[in-house]
Amino acid sequence: MGKLLAAFRLECRHLFSSWLLLPLPVLLGLWMASSLSSMSPAQSQDLYLYTMDFQRIQFTLSLAVPFLVGVTSVRRDLDRPSYEWLGGLPVSSGTLLTAKLAAGMVYLSLFPAAMALVYGWFGVRSGLPADVLRGELLWFAVQHETAYLVTLVLALLLAVAIRNRVVYLIAFCGWVFGTFFLSEFVVTRLSWYALKPFLLHQMIQDGMPATEAWSIKAGRGELKRILGFQLAAAALLLAAAGAVLHKRRPSLALPAWRLATGALALIAVLAYWPYGSQLHERQQRLAVKAQEAGLDRGGEEAPDGRFPVDKASLAVRWDNEAGAVRLEAALTVRRDRLPAGKVPFTLNPAFPVDEVLVNGRPAPFHRGGQTVTIAEEALRADGKEATITFRYKAPDYDWMPSPLEEGYAAIATKEALYLPAASGWYPHPGRQPMYEGGDRLFPVRLRYNALTFGDASWEVRTDGFGTEVFATLEEAGGGPDKVFQSGRADGVSLYAGTLIRSGKSGELPIVTTPGNRREAEAFGDKLQQIRAYYDSWLPVREGNGIRQIVYLQAPSGSGTRGSNTVEGRSLFIPQTKSHNLDNFQLLAAQKAYLFGDADQHTFSYSGMPAEDFSVVSEIRYLLLYLYYREGKGMSEQEVLRDVPYFAGALGDSSRGEDRAYGKEMRQLVEKAIRGGKLPEVKKLLAGFYREGLTVRQLPDEGLEYPRIPYERWLEEWDKQMGGR
């Protein structure tokens, strides 16, 4: 032990007296502080998002330091003429390597410490809860230390095995290959996810590791598998370095080192097995989906057998014994609405079905990929209604890699839920193709806006989860066992993870991550002013608008395509750096609150049949326009100049054959405002609002909307205003 401590002190003296190495941790901390200071309201202010960007680039660059430390520390001894004399000293190769490794890790730990101090400071300033901040600091620290350890051991092996100065070039190539090249080209582009554990650090990958909501609570299991292999591989590399070093100096311990190297190689193979078996299972599920995509038919299989569902009841619970999420979906339908013959349902093929019941009695069924078919005779019993119950299990991850990043269509663990309606996690009536073909490397992806359920009443119960569960329906009961209900909705999504509910009492709650708290609070204050204005004179119809906003960074593979969606009583806003809670999203939330949809565009009337013509979009924009004119006191020119979309919908750019109505309707409103007839304008618009102004996106990319001819608008205007 004395020899080890003496060697350790000597190595530390070399490292901590270097004018080149000592300032580097401080410089990395300052670089991180500068990067996090660039957060501004013009972009997302999510601290975690900026931190992960720093991890992918700047932290990856810092991995060149352990290569430099490892190679120089070995060559400092081996390259000296006195090494042959040193080799005769009674100091083992294991002692020398252990001292170099320990001293190197003490020095390299200054880098995670500097980053932790910076992140902690910004986390406190951003209002991160203490438990969240501790968890994220630990999450980063474990990965930082492992990455530096593996890199340093690899550098020691290279320096021991290659005595020439070319080892510096080889170490540089190893750094580039083990980070950027392996991540961006081999693993992601070529879909060789079997090599993912060989990355020098995992935070270089996009996808779930970059999402604050699910990275820690959902990614902990996979990270344990990967880090277990990396630690075993580090031990193997260290033993191999010792064996090579013993071969170069007089020693009787060489056979023991070779034996240890062989044993550790076997241990490393066994340590890879947990990740490898998980990956194999995921690839098998992906192959089933590729079959379902109908590649040989071009993915054009027509949906059939759809029918309306009156009531849907879902029970989602964590089963401790099985270590999985158990689900029960009960769909109540009228028998006269069922299709003739066998009745098909669509369910994500990654969710295996255990049992199907019809009115409480077991019913025979057939599972073929994404389709669950129930025999006709099981549904033709007495009674007007049939309640069809599916009992099934959720996978921990529904893996959906893409050409850009590793994605997940669904996540279901005790502490993390990501179950978007688009993933098909509950049965949908009829045979509805969920997937479409991609290319050779990524053969399948979710169809965008593919699944339809139709309006139904919903009840969702959750039980046994280790963190709070959120849904896109209204919450009907709190406590550990939550209940969500809705009288009319076309689907439901569930979320649980590192999430918070932002908003004061009486405001629209915003479900988001802790890193977005400040941005969400500011957005909620603005939206509350809008709500207060409309609630003072507009009859907001029950069940029409949203009652919640979900603002999250969705994992790739979820089928969201970066667009806002309204589901149930919630507006989902996918988060990126540029797709944040800005004025565009404020207008989208304003529309969703009033109309219950996420439509943000005016109609194009060129070539539109007369029976489809409607000025509903212009009327909607006029309702929005009044808030900025009266509620915010902006002038006509300021609204058209500063508020998104108004110039195109109601301004000069709406002149012409395509859309000439918006400007004319706005001019009428402005004339009435100048004439002191604002109350009459509000009464006119409120009348149209009572009739319904919702625009709904249909699965076939069409739109469902009320037909309001321009002539009717003029007619109602003349009636209310007494002429133009």
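## A first look at this chain

Of the 724 residues in the chain, 53% count as buried. Keep in mind that this is a predicted model. The chain holds 19 helices and 26 strands, and it exposes about 30600 Å², with carbon and sulfur atoms supplying 57% of that area. Now take the contacts with a separation of 6 or more: residues 24 or more positions apart account for 72% of them.

Five strands make an open sheet in the order 20-21-22-24-23, with mixed pairing. Strand 20 and strand 23 stand at the edges with a single partner strand each, so one side of each has no neighbour in the sheet. From one strand to the next, the twist averages 25°.

| Strand | Residues |
|---|---|
| Strand 20 | 500-502 |
| Strand 21 | 510-512 |
| Strand 22 | 548-552 |
| Strand 23 | 565-567 |
| Strand 24 | 570-574 |

Strands 20 and 21 run antiparallel and are joined by three bridges. Ser502 stands opposite Ile510 of strand 21.

Finally, have a look at the surface. Which residues form a nonpolar patch there? They are Phe16, Leu22, Val106 and Leu110, and together they have about 290 Å² of accessible area. Leu22 belongs to the loop between helix 1 (2-16) and helix 2 (24-36). With a relative accessible area of 38%, Leu22 is partly exposed.

Methods: Residues are numbered from 1 along each chain as its sequence is written. This is a predicted model: local features need pLDDT of at least 70, side-chain atom pairs count only at pLDDT 80 or more; totals for chains, interfaces and linings use all residues. Side-chain values use heavy atoms; hydrogens and water are left out. Patches are made of residues with over 30% relative accessible area and no salt bridge: like charges are joined within 9 Å, nonpolar side chains (Val, Leu, Ile, Met, Phe, Trp, Tyr) within 5 Å. Accessible areas come from the Shrake-Rupley method with a 1.4 Å probe; for residues, only the protein chains shown count as cover. A salt bridge is a side-chain nitrogen of Lys or Arg within 4 Å of a carboxyl oxygen of Asp or Glu. Helices (H or I, at least four residues) and strands (E, at least two) are DSSP runs, numbered from the N terminus. Buried means under 20% relative accessible area, exposed over 50%, partly exposed in between (1.4 Å probe, protein chains only). Contact means heavy atoms within 4.5 Å. Two strands pair if DSSP finds at least two bridges between them. Axes are lines fitted to C-alpha atoms, for helices over the stretch in contact, and angles run from 0 to 180 degrees between N-to-C directions.
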